[in-house]
Amino acid sequence: MVKIGNIELPDFPLLLAPMEDVSDPPFRRLCKMHGADLMYSEFISSEGLIRDAIKSRMKLDIFDYERPVGIQIFGGDEEAMALSAKIVEAVNPDLIDINFGCPVKKVVCKGAGAGVLKDVDLMIRLTKAVISSTSLPVTVKTRLGWDEDSINIDEVAERLQDVGVQALTVHARTRAQMYKGHSDWTHIQRIKNNPRITMPIFGNGDIDSPEKALEYKNRFGLDGMMIGRAAIGYPWIFDEIKHYFKTGEHLPKPGMPERIEAASNHLKWAMEWKGERLGIVETRRHYTNYFKNIHGFKEYRQKLVTTDGADDLMKVFDEIRDAFADYQLS
Ligand SMILES: Cc1cc2nc3c(=O)[nH]c(=O)nc-3n(C[C@H](O)[C@H](O)[C@H](O)COP(=O)(O)O)c2cc1C
């Protein structure tokens, strides 16, 4: 069992990564159904929360069926982080996660996200500000360091633990790498092997198959792993990995009926949550992933992204069901 505060997770939990514009309640619901053990919200700007920006507030929505769930915040100002921790606590998530890993310029420039990897003292002050404003467990997600010449995750991990962080997830890239190049998990293994480190350490970066998940589980000896891009349009990845861990065998791949059900549920739940119009528009970007490599799907994808109105869209899904009734995935 892995414990974060009093949250109990199974051995070697699989975490769904926080992903902006992706890890919202409809998507999380699908990942939960398919085996994610701990999930995070999209990152939320602390400044936005305080300004009461609607976009930031919507990201605070969590539902009981998805527990345990964490809300992730970012920001470069201690007071704003402290205040936003209080706002977050009021919606009662299971934990608060701080993003010290976002490589995007507009975030980094404000001294937030991966920006603080260049200023560990600031990172620690921001972390303390959050921890002292909440009774919830606080976790951190970060990267290896700013660039290859300044990998400082060893120091960062110790100092974060010393001020009360209860779990650490490391995306095994530097900020300079953005999403390119190789993710090097040996750095995370070193942190896990540091006898001073007692908090759970989760690895993240490029897990995209049951084989790779098992290889990394055995090779690096971490407490669990977090999966991001491989789950987009493919929430089955969690069950597939767990089954492979247990049996060494592969679950059958989801066929067209399962993919259609997942995509149409995603749409339905998005409409229930955000309203018909926004739900329809914001689900459009997911269809390509649900139906990746499906031969002859292009014309239906086109219909899915251009049709307005819930009823008409459900008719498009019926059409897809008929057209692909005998389709065999290769
Ligand atoms: C579309 C997208 C949005 C992301 N948004 C966030 C975010 O809000 N917070 C965060 O900590 N990381 C964010 N990330 C990074 C992921 O959480 C994860 O660290 C990264 O994708 C590497 O894991 P993977 O190889 O399994 O995708 C995002 C990644 C993607 C692809």
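Predicted model: local features only at pLDDT ≥ 70, side-chain atom pairs only at ≥ 80, totals over all residues.

Residues are numbered from 1 along each chain as its sequence is written.

**Exercise 1.** Describe the packing of α9 and α10.

Start with the geometry: α9 (residues 210-220) and α10 (residues 237-247) pack at about 55 degrees, with axes 9 Å apart. Axes are lines fitted to C-alpha atoms, for helices over the stretch in contact, and angles run from 0 to 180 degrees between N-to-C directions. The pair is therefore oblique; angles under 35 degrees count as roughly parallel, over 145 as roughly antiparallel, 65 to 115 as roughly perpendicular and the rest as oblique. Next, list the contacts (C-beta atoms, placed from the backbone, within 7 Å): Pro-210, Ala-213 and Leu-214 in α9 meet Glu-240, Ile-241, Tyr-244 and Phe-245 in α10. Finally, sort these residues: 6 are nonpolar, none polar and 1 charged. Here Ala, Val, Leu, Ile, Met, Phe, Trp, Tyr, Cys and Pro count as nonpolar, Asp, Glu, Lys and Arg as charged, and the others, Gly among them, as polar.

**Exercise 2.** Now classify the packing of α11 with α12.

The axes of α11 (residues 256-274) and α12 (residues 276-283) lie 7 Å apart, at an angle of about 140 degrees. This pair is therefore oblique. The contact residues include His-266 and Trp-273 in α11, and Leu-278 and Ile-280 in α12. By class, the contact has 6 nonpolar, 3 polar and 3 charged residues.

**Exercise 3.** How are α14 and α15 oriented to each other?

First take the angle: α14 (residues 298-306) and α15 (residues 310-323) cross at roughly 170 degrees, and their axes come within 10 Å. The two helices are therefore roughly antiparallel. Tyr-300, Lys-303 and Leu-304 in α14 meet Val-316, Ile-320 and Ala-323 in α15. Those residues divide into 5 nonpolar, no polar and 1 charged.

**Exercise 4.** How many residues surround the ligand, and which are the closest?

The count is 21, and the closest are Ala-17, Met-19, Phe-43, Gly-228 and Arg-229. A residue is near a molecule if its C-beta atom, placed from the backbone, lies within 6 Å of it. Sorting the shell gives 9 nonpolar, 7 polar and 5 charged residues.

Technical notes:
Helix = DSSP H or I, 4+ residues; strand = E, 2+ residues; numbered from the N terminus. Contact = placed C-beta atoms within 7 Å.
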